[in-house]
Amino acid sequence: MERKSQAKPILFFFVLVSALIETSYAGDIAIYWGQNGNEGTLSDTCATGRYKYVNIGFLNTFGNGATPGLDLTGHCSSASNGCTSHSDEIKSCQNQGIKVMLSLGGAAGSYSLASQEDAKSVADYLWNNFLGGTSSSRPLGDAVLDGIDFDIEAGSGQYWDDLARSLSAYSSQGRKVYLTAAPQCPFPDAHLGTAINTGLFDYVWIQFYNNPLAQCQYASGNTKDILNSWNQWTTSINAGSIFIGLPASEKAAGNGYIPSDVLTSQILPTIKSSAKYGGVMLWSKFYDNNYSTAIINTV
């Protein structure tokens with residue numbers, strides 16, 4: 001009897017301590033690949049074991065009657081059908097449990113959607129040429145990508161929601177089409193706000209960089225702005241998982257770089273308490289020399 005009376009206070013103590021410990025969620029790292037021939041192959045990128053998601057960028061010409069164009073600078077030329085060799089690399093990544101997306105848009109290119117019908121036409125093209133459909137001219141060969149990433153940084157915000165709905169509808173054909181988005185940190189994003197509001201996006205990696213005037217990114221030791229912005233995004237949008245998107249080095253962006261020790265000690269411990277936390281997105285593989293290695297055990 002005496003032993004039981006001593007055990008009760010001890011048990012209560014541990015229950016109390018457990019309740020006071022803030023929940024912390026584990027995350028993964030997403031990376032962009034395809035914009036520099038010196039960043040290594042896609043296979044090498046996946047073989048590092050550091051990335052759970054790879055966005056191949058970019059399909060930067062499409063819509064409004066334009067002939068779709070894939071730009072994998074320094075890696076291959078889709079115009080001469082030279083990018084089909086990446087098919088086996090994509091499959092190798094997927095066999096390692098890595099999801100591989102095709103990223104639309106980017107900072108440079110010629111892309112827009114003219115109407116709902118145009119959005120449906122682009123969705124059909126993406127399905128047949130990169131996803132589960134069939135075409136005689138698949139730019140990346142017969143590999144079936146896991147989904148489509150929206151990195152829309154030009155034009156208006158019209159009809160991207162229609163594109164998302166049309167792509168999502170293809171999931172009913174047996175294989176899920178993952179939808180991801182890379183909005184800028186000012187909320188709501190001027191181009192993707194309406195699309196993200198559909199609630200169809202599985203992963204949203206917010207670009208907390210190259211927006212110095214918006215007070216939504218890290219600067220000169222100030223973590224307040226980026227944490228406030230993170231809270232606004234995570235409490236305002238309906239998405240599967242939300243990632244903090246960062247430049248992988250000081251040279252990767254004009255501003256917004258966060259030293260890895262600051263990220264792991266001052267930012268990740270706070271944002272990982274969000275149930276929507278998914279991890280860290282990095283731009284890009286070319287610039288990621290040691291950054292992902294430095295943060296991976298904390299992500």
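This is a predicted model: local features need pLDDT of at least 70, side-chain atom pairs count only at pLDDT 80 or more; totals for chains, interfaces and linings use all residues.
The stretch itself comes from UniProt, where an unreviewed entry lists residues 27-299 as "domain: GH18".

Let's start with a pair of helices. Two packed helices are described by the angle between their axes and the distance between the axes. Here the pair is H4, residues 116-130, and H5, residues 160-169; their axes come within 8 Å and cross at roughly 40°. That angle makes H4 oblique to H5, because angles under 35 degrees would count as roughly parallel, while 65 to 115 would be roughly perpendicular. As for handedness, H4 passes H5 in a right-handed crossing. On the H4 side, the contact is made by Gln 116, Ala 119, Lys 120, Val 122, Ala 123 and Leu 126. H5 brings Asp 162, Leu 163, Ser 166 and Leu 167 to meet them. Sort the residues of this H4-H5 contact by class and you get 6 nonpolar, 2 polar and 2 charged.

Next, the cysteines. A disulfide is a covalent bond between the sulfur atoms of two cysteines. With sulfur atoms within 2.5 Å as the criterion, the count comes to 3 disulfides. One of them is formed by Cys 46 and Cys 93, with their sulfur atoms 2.0 Å apart. This pair ties together distant parts of the chain: Cys 46 belongs to helix H2 (residues 42-47) and Cys 93 to helix H3 (residues 87-95), 47 residues apart. The torsion about the S-S bond of Cys 46 and Cys 93 is about 95°, so this disulfide is right-handed.

Now for some backbone details in the loops. Where do cis peptide bonds turn up? One runs from Phe 187 to Pro 188, with omega near -5°. Pro 188 lies in the loop that connects strand S8 (178-181) to helix H6 (193-196). Another cis bond joins Trp 283 and Ser 284, this time with omega about -10°. Ser 284 sits in the loop between strand S11 (277-283) and helix H9 (291-295).

Asn 64 is not a glycine, yet its phi is positive, near 55°. You'll find Asn 64 in the loop between strand S2 (53-62) and strand S3 (69-72). Gln 215, also not a glycine, has a positive phi of about 55°. Its loop lies between strand S9 (203-207) and helix H7 (224-236).

Methods. Residues are numbered from 1 along each chain as its sequence is written. Side-chain values use heavy atoms; hydrogens and water are left out. Axes are lines fitted to C-alpha atoms, for helices over the stretch in contact, and angles run from 0 to 180 degrees between N-to-C directions. Helices (H or I, at least four residues) and strands (E, at least two) are DSSP runs, numbered from the N terminus. Angles under 35 degrees count as roughly parallel, over 145 as roughly antiparallel, 65 to 115 as roughly perpendicular and the rest as oblique. A crossing is left-handed if the near helix is turned anticlockwise from the far one by less than a right angle, and right-handed if clockwise. Contact means heavy atoms within 4.5 Å. Ala, Val, Leu, Ile, Met, Phe, Trp, Tyr, Cys and Pro count as nonpolar, Asp, Glu, Lys and Arg as charged, and the others, Gly among them, as polar. UniProt positions are given in the numbering used here, feature names are shortened, and annotations may be inferred rather than shown by experiment.
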